[in-house]
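Please read the following note beside the sequence and the model. Its points are numbered so that each may be checked in turn.

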Amino acid sequence: MHSLLEVRGLTVEFPVRGTASSGRLSTAVRELSFEIAPGEVLGLVGESGSGKSVTSLALMRLLPPSARVSGHIIFRVLPNQDQRDLLQLSEDNMRQLRGTQIAMIFQEPTTALNPVMRVGDQVAEAVRAHNKITKKEAWDRAVSAMDDVAIADASQRARDYPHQLSGGMRQRVMIAMAIVNRPQLLIADEPTTALDVTIQAQILELLANLRKKFGLTMLFISHDLAVVSQVADRVAVMYAGSLVEMGSKADIFRAPAHPYTRGLLSAVPTLTTDRNSALRTIEGTVPSADSISVACGFEPRCTFRIPVCAQKFPPLVEVGAGHWARCPVVNRSPGV
Ligand SMILES: Nc1ncnc2c1ncn2[C@@H]1O[C@H](COP(=O)(O)OP(=O)(O)OP(=O)(O)O)[C@@H](O)[C@H]1O
Ligand code: SF4
Ligand SMILES: [Mg+2]
C-alpha cells in the first residue's frame, strides 16, 4: 500500500502523578502501528481512556512536554510527497505542516472557538497564518470554505459570533477552518459526539461529501462503532492503549476476531437504548493506563482467557488478508 500516513510502533508514556522523582511512567499508547492510504478513511474506535485522543495529539505533535513519545509517524510531506518522520521534524517545520497538510477537528467546537471574534475572521486567520495574502483575500477564502461546509448564506454567517450559531453550525465552522488550507489528512476526534443525533447525521454526511469533493484522507475517531461504520473504509479497534483488531469494515462488522470487538458489536446501541451507556454492557472496566503490564489488557474481562493471557502481551496475528487481531487464543490455527 502506498500510504499517506504510516504509524509504526507509536508509544506514549506519561509520568505517574506524584511520582516525578521515582520516574514511574504510565503507558497511554503502546506499540501502535497502522497505515492510511491516500483518500482512505480509517476509523479508530475504542472506549473512553483507550488512547484515541493521545494518538491524534501525537500525530499533530500537540502532546504536553511531559509526554514521552517513541516510534515513527511517517507522513508524505508536500510539495514532493517526501516521506518524513513527524517525530523528527523541527518545531518550526511541524508548525508549517499543522493546519496546512494535517488538520484536526475536535469534539467540542464551543471551547475551540474564540467567543469574542467573528467566526469568519477566525477562519480567515487560519488562512493568513499560512499564506501571505491580504485580509480581503483571506476573508473571501474563509467565506468560500464556509460555503464548502454547506453553511447557508455564508457571507452573512461569517459576520456572526460563535454564540449566535447553533452547535451544529459551530462544528461546521470548525470543519471550514480545518479544510480551508486544503490539508491532505484530516484527523476528526469525536467530531459529532457533542451533537444531537439529527445534527450528528448531517455532519457525517458533510464529511462524506467533503471527502469526495477534496479527496480527503481521514482518521476518524469515535467511541461509537455505529458512527464509525457510516464513514470508515477500514476500522482499527483500540483497547487500553493498544490496537486489538484492524481490518476492513466488512471484516470488523461481519467477522470480528477479537473478544473485545465481539463484545463491542453485541453492545452496539439500537434506537431504543441509551447510546452513552452502550459500551458499559461489557462486564468489567478498562485497566488504568498505569496498570497495563505484560498481560493482555482485556484479560480481566475476557470469557476466553487462559492462564497464559495474564503472563504475556499477545502479538497481533493475521487472521485474514489485511485483517489483524491481538488474540492468539481465539485465533489459534487448527492443530496448534
Ligand atoms: N496529559 C496527560 N497526562 C497524563 N495522562 C494522560 C494525559 N492525557 C491523557 N492521559 C491518559 O492517557 C490515557 C488515554 O487517554 P485519551 O484521552 O487518549 O483517551 P480517549 O480514548 O481519547 O478517551 P475519550 O473517549 O474519553 O476521549 C488515559 O488513561 C488518560 O488518563
Ligand atoms: S489473549 Fe486471552 S485474554 Fe486476551 S483477548 Fe485473547 S483470549 Fe482474551
Ligand atoms: Mg478522546
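**Note on the predicted model**

1. The shell around ligand 2 comprises ten nonpolar, no polar and two charged residues. In this classification Ala, Val, Leu, Ile, Met, Phe, Trp, Tyr, Cys and Pro are nonpolar, Asp, Glu, Lys and Arg are charged, and the others, Gly among them, are polar. The residues surrounding ligand 2 are P259, C296, F298, E299, C302, F304, R305, C309, P314, C327, V329 and V330. A residue is near a molecule if its C-beta atom, placed from the backbone, lies within 6 Å of it.

2. The model is predicted: local features need pLDDT of at least 70 and side-chain atom pairs count only at pLDDT 80 or more, whereas totals for chains, interfaces and linings use all residues. Residues are numbered from 1 along each chain as its sequence is written, while chains are lettered from A and ligands numbered from 1 in the order in which they are written.

3. Helix α8 covers residues 197-214, which is 18 residues. Helices (H or I, at least four residues) and strands (E, at least two) are DSSP runs, numbered from the N terminus. From its first C-alpha to its last, α8 reaches 26 Å, close to the 26 Å expected at 1.5 Å a residue; the expected span is 1.5 Å times one less than the number of residues. G215 follows α8 and has a positive phi, near 60 degrees.

4. Which residues of α8 are buried? They are Q200, I203, L207 and L210. Seen down the axis of α8, the buried residues fall within an arc of 85 degrees, so they line one face of the helix; the arc is that of the directions from the helix axis to the C-beta atoms. On the other side of α8, V197, T198, K212 and K213 are exposed. A residue is buried if 20 or more other C-beta atoms lie within 10 Å of its own, exposed if 12 or fewer, and partly exposed in between, with C-beta atoms placed from the backbone.

5. The cover over the buried residues of α8 includes α5 (135-148), α7 (167-179), β7 (185-189) and α9 (225-231). Contact here requires two C-beta atoms, placed from the backbone, to lie within 7 Å.

6. Strand β1 (residues 5-15) pairs with β4 in the antiparallel sense over seven bridges, and E13 stands opposite R68 in β4. Two strands pair if DSSP finds at least two bridges between them. β4 also pairs with β5 in the antiparallel sense, over four bridges, with R76 opposite Q83 in β5.

7. The hairpin of β4 and β5 has four residues between the strands, and Q81 takes a positive phi near 60 degrees there. P79 lies in the loop between β4 (68-77) and β5 (82-85), and a cis peptide bond with omega of about 10 degrees joins L78 and P79. Most residues other than glycine have a negative phi, and most peptide bonds are trans.

8. E31, in strand β2 (residues 25-36), has a positive phi near 45 degrees. E31 counts as partly exposed because it has 17 C-beta neighbours inside 10 Å. E190, in the loop between β7 and α8, has a positive phi near 50 degrees. E190 is partly exposed, with 19 C-beta neighbours inside 10 Å.

9. Where is P162 placed? P162 is in the loop between α6 (154-157) and α7. The C-alpha atoms of P162 and N114 are separated by 7.5 Å, although these residues are 48 residues apart along the chain.
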